[in-house]
Amino acid sequence: MGHHVTHLEIQELLGAYAIHAVDAEERRGVETHLSECPSCRTEVSEHLETAALLSAGAVRAPAFGWERIAAALEDSPPQLDLRRVTRRSVSLKVASAIAICAAIVIGFLALKVAQQDRRMDQMSAALADESLMRSALAVAAHPEAERLLLLSPDQTRTADVVFLPDGTGYIVRHNLKPLPTDRTYQMWALEGDRAVSIGVIGYRPGVVAFRFSGEIEGFAITNEVAGGVNVTGNAPVVSGFRKS
Amino acid sequence: MQSSSLELASDATLVVAIGRWRQEALAEAYRRHAGAVLALARRILGERTLAEEVVQEVFLRLWYQADKFDPERGSLRSYLLSHAHGRSIDLLRSEASRRHREEREAAATIQDTNHVEDEVTDKAVAAQVRDALSVLPDTERRAIELAYFGGHTYQEVAVLLHEPEGTVKSRIRAGLRRLRTALADVVAGEGWDTT
């Protein structure tokens, strides 16, 4: 959809869009339009409901299907041991950080200010977020995946982490407050009294991919100056430990 | 909210509970809707294993992105089925799925008695779908079948049906509108099983 797409052209696509019968470029074009057109959103909702009726008739979903989903979740968050993550104990050496952890973190940054770029940035971010979410769900559904719920001391802030034994991990869901643009969240791998930086995840993170190596006992996320730090003196915003 | 009251809760209430980490709320949503999700994924993918993976992904997505569901934009059932449909179409179009299909077709002569029940259920579901689509003119029905169940883009449907792309777009849109009117009457009048 390289040219400017009219409302009429989008309307003609709404039926095909609702049943996933458009290509990726057209899908992006429709979704950009939908963000600004209530009448088209209403029509798409109606088509989705109709498509659901086409799907009427069900087979019994197997019980083991639910068991696999439940296995990917945790029954309760791990107990938070505040003594293990304190201002004194959260320290690291740069050399150790490089030796122990690979810092591969993808976060999502703020949208551009220019009005004509803002929509495309939103779409790009949404598409990238969707792509990461799919990867994260694949990890979450892996039989060897672990889930860890990171909590703030007052348990109002959370971050849901899934990871594999090979060190692949994702922050799949969180309610971390957006920070000022001169700040960033930074993620740490916890080993005993040491915290090793995994990397910065941005001031308004979405779904985040990360990687770590070695045996870790938990994760923590701190609030740091933009760019991150080698050594933090800040208490974690959220943290959590694997069950021993 | 007690677990027993979850069975009486609306879908919107369930999703709020899911957003608050209530695993039993997700279990209730699964109980209500997983069957429909599985049936749709099976219909599109033509096999159970991949379809079960789609079910798993759809409900894990609901767990991790409960805030994405807006009850004012539609029902939870249509929301879940839309995700299941999109994911199933992606799998259908993927190279891996194509190879798997080729292998499966090559082995089609082998009798598999373990899936007799699936075949019976598939036929029942197919009959319901046929009944639903029978309200449409052939031109609209074929276009929607190829797109929705066959996983084809409207451009591919145009090629398959030897029709202009614009015509196919219009038929899909008009067909969905006609179905909405026709099936809404069925749902209201005859208690169509959507649960």
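Me: Which residues do ring pairs link into a cluster?

Reply: In this predicted model, the cluster that ring pairs join consists of F163(A), F210(A), F212(A) and F219(A). Over all chains, the count comes to 10 aromatic pairs.

Me: Why is the pair of F163(A) and F219(A) called edge-to-face?

Reply: The ring centres of F163(A) and F219(A) lie 5.3 Å apart, with 75 degrees between the planes; because a pair needs centres within 6.5 Å and edge-to-face needs planes over 60 degrees apart, the label applies to F163(A) and F219(A). F163(A) belongs to strand β2 and F219(A) to strand β7 of chain A, so the pair ties together parts that are 56 residues apart in sequence. Both of these residues, F163(A) and F219(A), are buried.

Me: What makes W21(B) and W63(B) an aromatic pair that is edge-to-face?

Reply: For W21(B) and W63(B) the values are 5.9 Å centre to centre and 70 degrees between the planes, to be set against the limits of within 6.5 Å and over 60 degrees. W21(B) lies in the loop between α2 and α3 of chain B and W63(B) in helix α4, 42 residues apart.

Me: Why does W21(B) count as partly exposed, and why does W63(B) count as buried?

Reply: Buried means under 20% relative accessible area and exposed over 50%, so W21(B), at 24%, counts as partly exposed, whereas W63(B), at 1%, counts as buried.

Me: How do you know that R173(A) lies over the face of W21(B)?

Reply: R173(A) is placed at 3.9 Å from the ring centre of W21(B), and the distance limit is within 6 Å.

Definitions and conventions. Residues numbered from 1 in each chain as written. Chains lettered and ligands numbered in written order. Predicted model: local features only at pLDDT ≥ 70, side-chain atom pairs only at ≥ 80, totals over all residues. Heavy atoms only, no water. Phe/Tyr/Trp six-rings, centres within 6.5 Å; stacked < 30°, edge-to-face > 60°. Helix = DSSP H or I, 4+ residues; strand = E, 2+ residues; numbered from the N terminus. Buried < 20%, exposed > 50% of the residue type's maximum accessible area, 1.4 Å probe, protein only. Lys NZ or Arg CZ within 6 Å of the ring centre and 35° of its normal.
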